[in-house]
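Here is my note on the model you asked about, written as numbered points. Keep the 3D view open and find each residue as you read.

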2 protein chains.
Amino acid sequence: MDGTFFDEPVLRLFPEPSVRLSVEDVYGDVRFPTRDRPSASRPYVVVNMISSLDGKATASGKAGPIGSPTDRLLMRALRARVDAVMIGAGTLRAEKLTLAVPRDLKASREARGLRPQPLAVLATGSSDLPLEANLLGPSPDNLLVLTSPETPEECLTELSSSGASIEVVPEESDSVSSSSQLDLARALETLKERYAVDVLLVEGGPVLNHTFVRNGLADELFLTLAPKLLGGARSGTLTILEGPPVPPQKTGPKLISVHLSGDELFLRYALRPPGW
Amino acid sequence: MDGTFFDEPVLRLFPEPSVRLSVEDVYGDVRFPTRDRPSASRPYVVVNMISSLDGKATASGKAGPIGSPTDRLLMRALRARVDAVMIGAGTLRAEKLTLAVPRDLKASREARGLRPQPLAVLATGSSDLPLEANLLGPSPDNLLVLTSPETPEECLTELSSSGASIEVVPEESDSVSSSSQLDLARALETLKERYAVDVLLVEGGPVLNHTFVRNGLADELFLTLAPKLLGGARSGTLTILEGPPVPPQKTGPKLISVHLSGDELFLRYALRPPGW
């Protein structure tokens, strides 16, 4: 769907006063803090997810069918404002997707001093990455795969031959779930130092989101609340965070803005106090 | 917590124009359709639930700790407007609770022609109902237990001796989950015919909600979206609907109103077209 022939208006509900906006203008005034942060050894991390009213981030294993065309346009508007977009390998295994922005957003990226396309970042502890089958869009020189030391050598060789960049990131053991996951703090430093990523957009899946949130590495959450009741058992119907209980946050999520289109709500929360 | 010494203002965001309200006035203009409905063989059914941003309706098995004092006041404001409040037995087993409204709301109930306290309705297929331990408030003559034909005779005798009313409701088999549940359509007819219930408030748990929604018996959803990220595995962290996938609704949930207090959102949705 192209932004040029879709013009569902969006109502900004919060902060006041209410205004009616075109989809293109909804996040037009979003400015993510970058170089002026006191502690900028890692990118500013923004998570974007969709959920049904009953908390389901996927239906039959896929997130794609839950959102409206407006949701997809806003997802792309966020991609247009960041240096890199990250997803976990499970999300890529679940459905075909692209991390690219459409042509008509390239000019606004360039006006902001961003590269024409955000760097596509895949986080995986596994070797099962269906890049060619499911990832649409990025040329290999715009693709970075974060793998673990556990990844077999032949997989690395195969990934390398595709032309993608590869970074092997240490794993950290999770004492609660007793599983191992990529050390995201280290991964973020690498993104900042070697790939000049100041703002990173994370688009799931729920396990990757959970690792960011639990480690205090997620700065904002954009949450689309789709006007649907999906039901469904846990397999295939994940919530936006999948993992052990998250320790209570000192400063809970702070609501930044609320937009409404049709019956779909678009919520933006700060997850960490400003000026960290 | 008593409504009289709590005065966090609430901002109505939708429908426009935005207004600042006291908690008492938030649902002050709510009118549920009752006798003028064309098909009024059952009560109008309103579901009220709370969820974290990551879709969790319970933390460590309990819903109580998720909401704010404002949420609890609005929960009571809804109770003040209905003839009966229903919960499932699992919810009562999970935590101590009351289904009663505080003294200061009795006058407004009487002004609306309602009995001083809503009828407390417990839906159970099981015999394990910790009435004395966990249910605070209703006198036995204000308590109705909906049981199934499977309930052992001695349990019925014990319940009867407590003074509570008892209705044995047929079960319907669920072809999807291959479990049996109370036939809620029949239960609703009983509530209407024998107990003069025109408006029923359902407060969970998630399995009971799911049965109402899947059978098209829920007319509205009041959803509090708490500014929390809880995480947690499925056991102990249910979503607001627990059960098989819900068939897509012809008319999806329609947003009726949005209120904001602090960072907590209070959403009201119509689940069925008006005038059914």
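How many aromatic pairs does the structure hold over all chains?

1. **Aromatic pairs.** Please keep in mind that this is a predicted model. Over all chains, the structure holds six aromatic pairs. One of them joins Phe32(A) and Phe222(A) edge-to-face, with 6.3 Å from centre to centre and 80° between the planes. Phe32(A) sits in the loop between α1 (23-26) and β3 (44-52) of chain A, while Phe222(A) belongs to strand β13 (residues 220-226) of chain A, so this pair ties together parts that are 190 residues apart in sequence. Both Phe32(A) and Phe222(A) are buried. If you wonder about the two values quoted, a pair of aromatic rings is described by the distance of the centres and the angle of the planes.

2. **A pair to look up in chain B.** Phe32(B) and Phe222(B) form an edge-to-face aromatic pair, 6.3 Å centre to centre and with 80° between the planes. This pair links distant parts of the chain, 190 residues apart: Phe32(B) is in the loop between α1 (23-26) and β3 (44-52) of chain B, and Phe222(B) is in strand β13 (residues 220-226) of chain B.

3. **An aromatic cluster.** Go back to chain A and pick out Tyr27(A), Phe32(A), Tyr44(A) and Phe222(A). These four residues form one aromatic cluster.

4. **Salt bridges within a chain.** Over all chains, the structure holds 18 salt bridges. One of them is between Asp29(A) and Arg12(A), whose closest N and O atoms are 3.4 Å apart. Asp29(A) lies in the loop between α1 and β3 of chain A and Arg12(A) in strand β1 (residues 10-14) of chain A, so parts that are 17 residues apart in sequence are tied together by the pair. Arg12(A) is buried, because its relative accessible area is 14%.

5. **A salt bridge in chain B.** Now find Glu203(B) and Arg79(B), whose side chains meet in a salt bridge of 2.7 Å, N to O. What does this pair link? The pair links distant parts of the chain, 124 residues apart: Glu203(B) is in the loop between β12 (199-202) and α8 (206-214) of chain B, and Arg79(B) is in helix α2 (residues 69-79) of chain B. Glu203(B) counts as buried at 11% relative accessibility, and Arg79(B) is buried with a relative accessible area of 3%. In chain A, salt bridges that share partners join Arg42(A), Asp219(A) and Arg272(A) into one network.

6. **The nonpolar core.** In soluble globular proteins, nonpolar side chains tend to be buried together. The largest nonpolar core here has 88 residues. Phe212(A), Leu265(A), Phe212(B) and Leu265(B) have the most contacts inside this core. Take Leu265(B) as an example: leaving out residues up to four places away in sequence, Leu265(B) touches residues including Leu255(A), Val258(A), Leu13(B) and Leu223(B).

7. **Where the chains meet.** The contact takes 43 residues from chain A and 43 residues from chain B. About 3,400 Å² is buried between chain A and chain B, and carbon and sulfur atoms give 61% of this area. Across the interface there are also 14 residue pairs in polar contact. On the side of chain A that touches chain B, β1, α8 (206-214), β13, β14 and β15 of chain A each supply at least two residues. β14(A) gives the most to that side, with four residues.

8. **Salt bridges between the chains.** How many salt bridges are there between chain A and chain B? The count is two. Lys254(A) forms a salt bridge with Asp263(B), with the closest N and O atoms 3.2 Å apart. Lys254(B) and Asp263(A) also meet through their side chains in a salt bridge (3.2 Å, N to O). This pair crosses between chains, from Lys254(B) in strand β14 (residues 254-261) of chain B to Asp263(A) in the loop between β14 (254-261) and β15 (264-270) of chain A. Lys254(B) is partly exposed, with a relative accessible area of 46%, whereas Asp263(A) is buried at 14%.

Note on methods:
Residues numbered from 1 in each chain as written. Chains lettered and ligands numbered in written order. Predicted model: local features only at pLDDT ≥ 70, side-chain atom pairs only at ≥ 80, totals over all residues. Heavy atoms only, no water. Phe/Tyr/Trp six-rings, centres within 6.5 Å; stacked < 30°, edge-to-face > 60°. Buried < 20%, exposed > 50% of the residue type's maximum accessible area, 1.4 Å probe, protein only. Salt bridge = Lys/Arg side-chain N within 4 Å of Asp/Glu carboxyl O. Core = buried A, V, L, I, M, F, W, Y, C linked by side-chain atoms within 4.5 Å. Contact = heavy atoms within 4.5 Å. Buried area = accessible area lost by both parts, 1.4 Å probe. Polar contact = N/O pair within 3.5 Å; in protein donor to acceptor, adjacent residues only side chain to side chain.
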